[in-house]
Amino acid sequence: MADPLLELTNVSTHFHSPAGRVRAVDGVSFSLKAGQTLGLVGESGSGKSVLARTIMGLLPSYAEIPEGSAISFDGHNLLTLDRKARRAISGPGIGMIFQDPMTSLNPVMKIGQQVYEGMRHHFGTSKRAGRERAIELLTEVGIPQPDVRVDQFPHQLSGGMRQRVAIAIALACEPKLLIADEPTTALDVTVQAGILDLLQREQRDRGMTMILITHDLGVVAGRCDNVAVMYAGGIVETGTTLSLFARTRMRYTQALLDSIPRLDRPPHERLQSIGGRPPNLIDPPAGCRFAPRCAHRNAHCDTDIPPITADEQDPSHRFACWNPRDPDAEASDKATGDAA
Amino acid sequence: MRYVLKRVRRLVVVIFAVTLFTFLLVNVLPGDVAYDIAGQDASEEEVQAIRADLGLDRPVMIRYVEWLGDFVQGDWGRSFRTDESVAEAIWSRFPVSLELMLVAQVFALILAVPFGIFAAYRAGRTVDRTIATAGFMSLSVPSFMAAIILILVVSLNLGWLPTSEYEPLSAGLWANLRAFILPALAIALSEWVVLMRVLRADLIGVLQQDYISLARAKGLPVWHVILRHALKPASFSMITILGLQIGTLVGGSIIIESIFALPGVGRLLINAIYARDFIVVQGVVVFIAFAYVLVNFIVDLLYAVLDPRIRTERSDG
């Protein structure tokens, strides 16, 4: 347990576009211990999905990972492995669930085959045994009539059911690490909680390590051990879920939290939104990338990139901000506000 | 099953329309068959007599209904010239055209599928551009030109294959097949390019789909992802084109059959036109139309085999 299962060191992903180099992921480092769940949070375009695809080796040909990036998984550097060795990790090592189950399942292949073909490839499972295992997995992820569904095609299932199938596919090879890329974003609100609970249960039962990518901090609370908040391709604040929510330091994280509707607020209260847009990643701001949208910025923020700093009380809680929020002062502030 | 029935009903309607149109067209054309049969020196009375004998003096619609009646019962009429049964004439030549079509399409697919896959997988790279250039060169050579070049190089210079020695299947498979290699290649050299380009375009689109990313996330090898996941959903347009090509070729290739002296339906048609043997022309035209519709009908059914979504949609409505 001492060594982290997954460790990213200074990982960047750049895309070449006619307008210039897009720094979609820029110098991300974090590590994840076996059995832990990391929530990766950020708004659209912050680089969460690109980071997931970088770990998974699913980048398009026009993407470039600059020298100096390293992704270590279970003792291998994923970025330097040859193709065959890298493929051997996808499936039994790392499984992935995509955002939209309407497009992530092959429309012309039976569900059962989509579930067991990974096992067939990696473990040489027979078709018959694979089908049996597929039925077990479909049962496990809560699909009714799994023995019928196994021979059906994706279009015969609802969106929520399809995402359950996608989870069964990812679980089929018993991955050590599961990356769930916004697994509920494309689904009806009514089925979102069910999918998240299923993922949490599977993670716990199997002792899997999981990265849960979402734009919703509310999803992360109570489901993840640690949280990393991404903004404009970089991680701006990271820590245990408890510390991050209780002692929010980075202004962007606070802005995200303020944009979530809360039960302890008066009904019909106007939600806070974050003004402006995420920065252009071809030509990012010179200083803090959140500075142009930040209500608390000072002159320093516009010119120099804030270094990653550790929280005084909890060194594992780290953030990049020149003018961080003082959690102790504002916590008492909030308490008086609630009382009034 | 309802899908099939619905398609069969449409097929009947199309065949009816095609036969009526062909009949009217052939009968409205200037130049009477009777003059032709009677010869240049015949008197007007002799021509009238032949006309009456053939029943050509009666209104077109009545003749059509009569012809249709005979046609559905399998009587396609007899050649004015040789008195050979039209149906027999077509059926005896059809296997030649069919074999030519099959060999040509096998060649076209052997070229189109691997090159289409390579071009799509390496889209925009050197391999893709080289294949595209070679393809357009191959496409821009007309088939009669390709035929002559093939005869020159393969038959005359290298002496590998005969130029024009058609042998029936009874003479042995190889003896029979070898007469088809060059003519089929001449046809395939232009057909494969269209198939390849269409497959490439669809495959490029499919390879960007999420389900291809998911297949790769399972750790499957590239060839497995392309052949098992991408090829099937990417082959719809190619199969449509293939159907049209087959439909055209089933009726025989007039040019290629003439150059290589293959006794197929195409040659029957061109000879009948030269001889103004209109009842044969009509039979062949109807046959070609029938084959065309039938092939495309089969292609439509094939979609349902390839795509399960079509199966349920159609049976619901």
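A crossover is right-handed if, with the strands pointing away from the viewer, the path from the first strand over the helix to the second runs clockwise. In this predicted model, local features need pLDDT of at least 70, side-chain atom pairs count only at pLDDT 80 or more, and totals for chains, interfaces and linings use all residues. Residues are numbered from 1 along each chain as its sequence is written, while chains are lettered from A and ligands numbered from 1 in the order in which they are written.

Start with strand β9 of chain A, residues 209–214. Strands are DSSP runs of E with at least two residues, helices are runs of H or I with at least four, and both are numbered from the N terminus. β8(A), helix α8(A) (residues 189–206) and β9(A) form a right-handed β-α-β unit.

β9(A) has a parallel partner in β8(A), residues 177–181, with five bridges between them. Strands pair if DSSP finds at least two bridges. Strand β3(A), residues 37–41, also pairs with β9(A) in parallel, again over five bridges. L212(A) is the bridge partner of G39(A). L212(A) also bridges to A180(A).

Six of the six residues of β9(A) are buried, meaning 20 or more other C-beta atoms, placed from the backbone, lie within 10 Å of a residue's own. T209(A), I211(A) and I213(A) point one way; M210(A), L212(A) and T214(A) point the other. In a regular strand the side chains alternate between the two faces of the sheet.

Now the largest nonpolar core, with 92 residues. Such a core joins buried Ala, Val, Leu, Ile, Met, Phe, Trp, Tyr and Cys residues through C-beta atoms within 7 Å. Among the members touching the most others are M96(A), I179(A) and V229(A). Helix α7(A), residues 159–172, gives the largest share, nine residues.

How values were computed
Buried ≥ 20, exposed ≤ 12 C-beta atoms within 10 Å, placed from the backbone.
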